[in-house]
Amino acid sequence: MGQVLEKVLADVVARWFRLRGDSVRFQIGTDEHGVKIQRKAQQEGLTPQQLVDRNVPNFIALYDRLGITYDAPFIRTTDKVRHWPTVQALWKKLEDAGMLEKRTYTGLYCQGCERFMTKRDLVDGKCPDHHAAPEEVSEENWFFLLEKESGWLKKLLTQEKGGYHIVPQSRAHETLSLIEQGLEDVSFSRPKSSLQWGIPVPGDEGQTMYVWCDALTNYISGLGYFTDHEEKEWWDKPAEVTHVIGKDIARFHALIWPAMLKTAGVRTPDRLLIHGFLTCDGQKMSKSIGNIVEPEEVLAKFGGNPDPLRFYLSHEIPVGNDGDFSWKRIEEIYDAVLRNNLGNLLNRVLVMLKKEGSGLRIDAKASDAEQVMQKWESYREHMDGFALHEAVKLIMEWVRLMNAGFNSAAPWTFKDDAAYRINVLSGFSEYLRHIALMLLPFAPDTAYRISKQLNVPYAEKMLAREFVITKEMKQWGSQKDWKKVGEPEILFKPLD
Ligand SMILES: [Zn+2]
């Protein structure tokens, strides 16, 4: 489920960028090397390659079922054609720049974290994330000389223009405090005897690259950086390069990665969007507690429709915070928010309009136009600022007000005033047209189905990657060709 939180967050962002008219390259993949995978494969009597080849297609299938609109190729760090050449070329650049140095080293290695830890990182001698004492390891390693970049990193992470911005702000403070405490050089390789499963160090075959040196490079290996199939304009030219990651790996992305890029003469990213962890009913998900929620179970609960889960994660978890998954809560959200507030309003409006047997008559009222403009303005601010939960809140709060407004307008009580009834119903259809557009990054299929039932002219184009929410679409009453609504259908079925 942690994976799902991350991929949905990234997907909402990617969809939003596309909807506002940006060209987007949305890349995801799997990090497949390291001691953890090597040991896991051993336990299962498989080679590491067999293990990852078995698991990765399951991840890809899940992302497809969740409606994650990533761009091909899906990056696998075991890909010797696409990934390895970039990593090895980058290594040589770090070496040529004098940023790698071979040292004999004794340290405490946490396998779970895949990194050497200092005494300062430990709680009662154990890794606080993995509740295990790290192994003492003494070996010869290549080191990446990160410490000397401390001053530059601090500047990069704090400078307003051209800097590398961490979202949300609270996570930025955590990272800066790591710099304040003093950065250490990073072990960037391990002897083959302790780590076979990884990319060999160029020119030093007895050493395997540190998994993070290899994994971080995926962002540019996916673009074929330093090879003959370079598509580097996606990295070099865009207005924004954004990474979406979990809080446990923030230090690698915020500190090591930009220093690697700088050394290699490559532009640094612009934004690091950090998400928290997901608990279940307030407890950490773990095999021993037996409270692991499988995303497939959640999808199955809603008939394979990913929107309730996508909506839940976006609605319940402020970006950057830890969040909780609870079966009870997702059912409540589904019933009360999606089914009752949104689905019923749409259904009531459409059924009554059908009964009128008349076309739409959307009045050009200044107050409606003003209200819609203001909503779009706030929505765009939240979305652009990555406060996605605030945008969802805005949408659903507006839907709640619409329900109240519809009940007080009570068109069904005006038995002798068809003009009034049609007017009110048309107005609410227009409101719902805006709601569907706003929901599009979060619950794309729902947004499409609402628009299709409303019969808005662009409905069939909404799920295409080229679809852009135009200025005109955001204006009240702008759809002049929209004359009639479609067939009402139940948007969200009651749960069994
Ligand atoms: Zn650990």
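Biologist: Which residue stands opposite Ile-166 in S12?

Modeller: In this predicted model, the residue of S12 that stands opposite Ile-166 is Leu-272. The bridge partner of His-165 in that strand is Arg-271, and three bridges in total join S6 to S12, residues 271-275, with the two strands running parallel.

Biologist: How should I read such pairings in general, and what is the order of the strands in the open sheet?

Modeller: As a general idea, strands of a sheet pair through backbone hydrogen bonds, and they do so either parallel or antiparallel. Here the open sheet has three strands in the order S6-S12-S11, and the pairing is parallel. Strand S6 (165-167) and strand S11 (242-246) each have a single partner strand and stand at the edges, so one side of each is left without a neighbour in the sheet. Direction ignored, neighbouring strands of this sheet are turned by 20° against each other on average.

Biologist: Why is S12 described as largely enclosed by the rest of the structure?

Modeller: The reasoning rests on burial, where a residue is buried if 20 or more other C-beta atoms lie within 10 Å of its own. Four of the five residues of S12 are buried, and therefore the strand is largely enclosed by the rest of the structure.

Methods:
Residues are numbered from 1 along each chain as its sequence is written. This is a predicted model: local features need pLDDT of at least 70, side-chain atom pairs count only at pLDDT 80 or more; totals for chains, interfaces and linings use all residues. Two strands pair if DSSP finds at least two bridges between them. Axes are lines fitted to C-alpha atoms, for helices over the stretch in contact, and angles run from 0 to 180 degrees between N-to-C directions. A residue is buried if 20 or more other C-beta atoms lie within 10 Å of its own, exposed if 12 or fewer, and partly exposed in between; C-beta atoms are placed from the backbone.
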